[in-house]
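I opened the model today to look things up. My notes follow the order in which I checked them.

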Amino acid sequence: MSKTIGFLGLGHMGGPMAANLVKAGYDVHAFDPAPAAQQQASADGITVVDTGVAAATDRDIVLTMLTNGKLVRDVYAELLPAATPGTLFIDCSTIDVADAKVAAAAAHTAGHRAVDAPVSGGVAGAVAGTLTFMVGGNEADVAEARPVLEVMGAKVVHCGGSGVGQAAKICNNMLLGISMIGLSEALVLGEKLGLSHQAFFDVVSTASGQSWALTSYCPVPGPVPTSPANNDYQPGFATALMNKDLGLAASALRSNGVDGQLGLLAAEIYDRFNQDAAGRDFSAIVTDIRDRSEEKGAQ
Ligand SMILES: NC(=O)c1ccc[n+]([C@@H]2O[C@H](COP(=O)([O-])OP(=O)(O)OC[C@H]3O[C@@H](n4cnc5c(N)ncnc54)[C@H](O)[C@@H]3O)[C@@H](O)[C@H]2O)c1
């Protein structure tokens, strides 16, 4: 508990994660260039400082929750020379596996320790402290990160060495994107065939086509009252983020020579949908499939 923490990136996810560390008694010094994030963080009892270097200097642990891999690499290049040797860097951002490995290697070369620890669970999980962390790094570093991650999450899984936490995140979200598209196609086909959404749900939720996308996140209003479909597809998990994750998965499929035809197609489908619907929940893909089906039917 005596450990001091530097935190960079107080956005939708990082803000509540840092707030939960303060609630648990940690001394958190944080930086984010956005004034709104700074104000919220101050209100949450976080010590807000003027630069990333100030946040990372003289800390035991430095956490980052940033938007992309280039930013993580740039921020690491700035912070690593300033941090006390042996500082544990924990990157919770969702980034490319290759970027995660480069960032961890840079930290090791500078005499520090590093783990990648991307999350699932969204903003609600960040606020509630119930995130799942997928962690990549060596045993000793993951063991030291674990108590801090357990404050912000309900589950911490050590997936393997550097970058393997990101690998788990990308694999999971590729599967989620594929399954949401497949489910949406089946729902629209059911509509055309006269099957009600509720009847579809009642059968498929206990049959072999069952999935998390259906039972926890049903993309049509009604069967799962908490799903974003019941709230005009307000995210939730925005299409822009699903598009980013599928882009990372597609590049990993290509660079590793995997014949991932559905993964590549899912990336293409969400990339197109993202052009008009970046801010909508990713489950709104069902409306796009329905609209396109109407156009096809009218031809
Ligand atoms: N939002 C979700 O539901 C969700 C779920 C799982 C994972 N993620 C991942 O978590 C990461 C963060 O997502 P988010 O939704 O919080 O994004 P966000 O855009 O809300 O937050 C990013 C924050 O980083 C800040 N920032 C930019 N440059 C900085 C710098 N040099 N130093 C410090 N801070 C800087 C920004 O001002 C912003 O507040 C992403 O990689 C995303 O893919 C998000």
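I began with the strand pair: β5 (residues 88-91) and β6 run parallel and are joined by 4 bridges. Strands count as paired when DSSP finds at least two bridges between them. Helices (H or I, at least four residues) and strands (E, at least two) are DSSP runs, numbered from the N terminus.

I noted that this is a predicted model, where local features need pLDDT of at least 70, side-chain atom pairs count only at pLDDT 80 or more, and totals for chains, interfaces and linings use all residues. Residue numbers start from 1 along each chain as its sequence is written.

Across the pair, I found Ile90 opposite Val115 of β6. I then checked the facing of β6 (residues 113-116): Arg113 and Val115 point one way, Ala114 and Asp116 the other way. All four are buried, that is, 20 or more other C-beta atoms lie within 10 Å of their own; 12 or fewer would be exposed, anything in between partly exposed, with C-beta atoms placed from the backbone.

I traced the connection next. β5, helix α5 (residues 97-109) and β6 form a right-handed β-α-β unit. Right-handed here means that, with the strands pointing away from the viewer, the path from the first strand over the helix to the second runs clockwise.

**Ligand shell**

Which residues come nearest to the ligand? Of the 26 around it, I list Gly9, Gly11, His12, Met13 and Thr94. A residue is near if its C-beta atom, placed from the backbone, lies within 6 Å. I sorted the shell into 15 nonpolar, 10 polar and 1 charged. Here Ala, Val, Leu, Ile, Met, Phe, Trp, Tyr, Cys and Pro are nonpolar, Asp, Glu, Lys and Arg charged, and the others, Gly among them, polar. α4 (69-79), β7 (119-120) and α6 (122-128) each give the shell at least two residues.

**Two residues**

I looked up Thr47, in strand β3 (residues 47-48). Thr47 is partly exposed because 16 other C-beta atoms lie within 10 Å. Beyond its neighbours within four places in sequence, Thr47 contacts Val28, His29 and Ala30; contact means C-beta atoms, placed from the backbone, within 7 Å.

I turned to Ser211, in the loop between α9 (197-204) and α10 (212-215). Ser211 has 17 other C-beta atoms within 10 Å, so Ser211 is partly exposed. Leaving out residues up to four places away in sequence, Ser211 touches Ser179 and Leu183. Ser179 is 32 residues from Ser211 along the chain, and their C-alpha atoms are separated by 7.5 Å.

Conventions. Two residues are in contact if their C-beta atoms, placed from the backbone, lie within 7 Å.
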